[in-house]
Amino acid sequence: METPKIIVPPLLFVRDLLLGDEVTKSNRNLSDLKDLFQDVKSYETMDPETLLYEVYSYTPVQNDGKTGALNFGITHIYPGKVGQEYFMTKGHFHAQDNRAEYYWGIEGEGVLILMDRKRNVWGEKMFSGSLHYIPGGVAHRVANTGNKVLSFAACWPSDAGHDYEEIAEKGFSARLMEVDGIPQLI
Ligand code: PAN
Ligand code: ZN
């Protein structure tokens, strides 16, 4: 047996930041969500380089068919709208349909938009401390309904994979729009 040691973990989760040498970051601009917003005229008046969200991820095991590992990520969605539709993530099903996920709110305000395979849609409010269990077979997208950054964390199986195609083709069957100042799924 080796001498037992106590180490500083290689990952830090401080407020809305995920820090560590193996943390990767990806950005999504307005141009990455082309055709996902309803109001095409408003979309075309906006700078395609507008930053919508950034994702910090820790993926200790790559998706090489191994099961049992977990990924962790933090997403920051900036406030804003395209027409009356709130800035949101692309949204996806998991490629392995029975893989579930947890999301939890860190700061800011938003709505987690969920859609099952029968295209039934529902939403859950997100705020600091909200915890969301996303079952397998349920597509998930988050919209920022506030006027500051919405941050949330996520934990999902490393072999879940992301299937963006169905959402790119058919979208969700409801959109989160501001109507008379109130977020509504329509
Ligand atoms: C999250 C999402 C992240 C960005 O880590 O990937 O919030 O959303 P999109 O992937 O829909 O652009 C997750 O759900 N992982 O499975
Ligand atoms: Zn997911």
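A salt bridge here is a side-chain nitrogen of Lys or Arg within 4 Å of a carboxyl oxygen of Asp or Glu. By that rule, a search of the whole structure turns up eight salt bridges. The model is predicted, so local features need pLDDT of at least 70 and side-chain atom pairs count only at pLDDT 80 or more, while totals for chains, interfaces and linings use all residues. Residues are numbered from 1 along each chain as its sequence is written, chains are lettered from A and ligands numbered from 1 in the order in which they are written, and side-chain values use heavy atoms, with hydrogens and water left out.

**View 1. The zinc ion (ligand 2) and its protein donors.** Welcome to the metal site. H92 (NE2), H94 (NE2), E101 (OE) and H140 (NE2) are the protein donors, lying 2.1 to 2.3 Å from the zinc ion. Donors are N, O and S atoms within 2.8 Å of the metal (3.2 Å for Na, K and Ca); water is not among the atoms, so sites may look incomplete. Along the chain, the donors follow the spacing H-x1-H-x6-E-x38-H. The arrangement is octahedral because the six donor atoms subtend angles of 74 to 172°. Six donors count as octahedral if opposite donors are over 155 degrees apart and all others between 65 and 115. For comparison, ideal angles for six octahedral donors are 90 or 180 degrees. H92 counts as buried at 8% relative accessibility, and E101 counts as buried at 5%. Buried means under 20% relative accessible area, exposed over 50%, and partly exposed in between (1.4 Å probe, protein chains only).

**View 2. A salt bridge between K81 and E178.** The two side chains meet at 2.9 Å, N to O. This pair links distant parts of the chain, with K81 in strand β6 (residues 81–82) and E178 in strand β16 (residues 176–179), 97 residues apart. Strands (E, at least two residues) and helices (H or I, at least four) are DSSP runs, numbered from the N terminus. K81 is partly exposed at 28% relative accessibility, and E178 is partly exposed at 24%.

**View 3. R175 meets E85.** Their side chains form a salt bridge of 2.7 Å, N to O. R175 sits in the loop between α2 (165–170) and β16, and E85 lies in strand β7 (residues 85–86), 90 residues apart. R175 is partly exposed, with a relative accessible area of 22%, whereas E85 counts as buried at 1%.

View 4. D159 belongs to the loop between β14 and β15 (162–163), while R99 belongs to the loop between β8 (93–94) and β9 (101–107), 60 residues apart. Elsewhere, salt bridges that share partners join D97, R117, R119 and E166 into one network.

**View 5. P157 and its contacts.** Look for P157 in strand β14 (residues 150–157). P157 is buried, with a relative accessible area of 17%. Leaving aside residues up to four places away in sequence, P157 touches A69, L70, N71, R99 and A100; contact means heavy atoms within 4.5 Å. The C-alpha atoms of P157 and Y102 are separated by 9.9 Å, and these residues are 55 residues apart along the chain.

How values were computed: Tetrahedral: all angles 85-135°; square planar, octahedral: opposite > 155°, others 65-115°.
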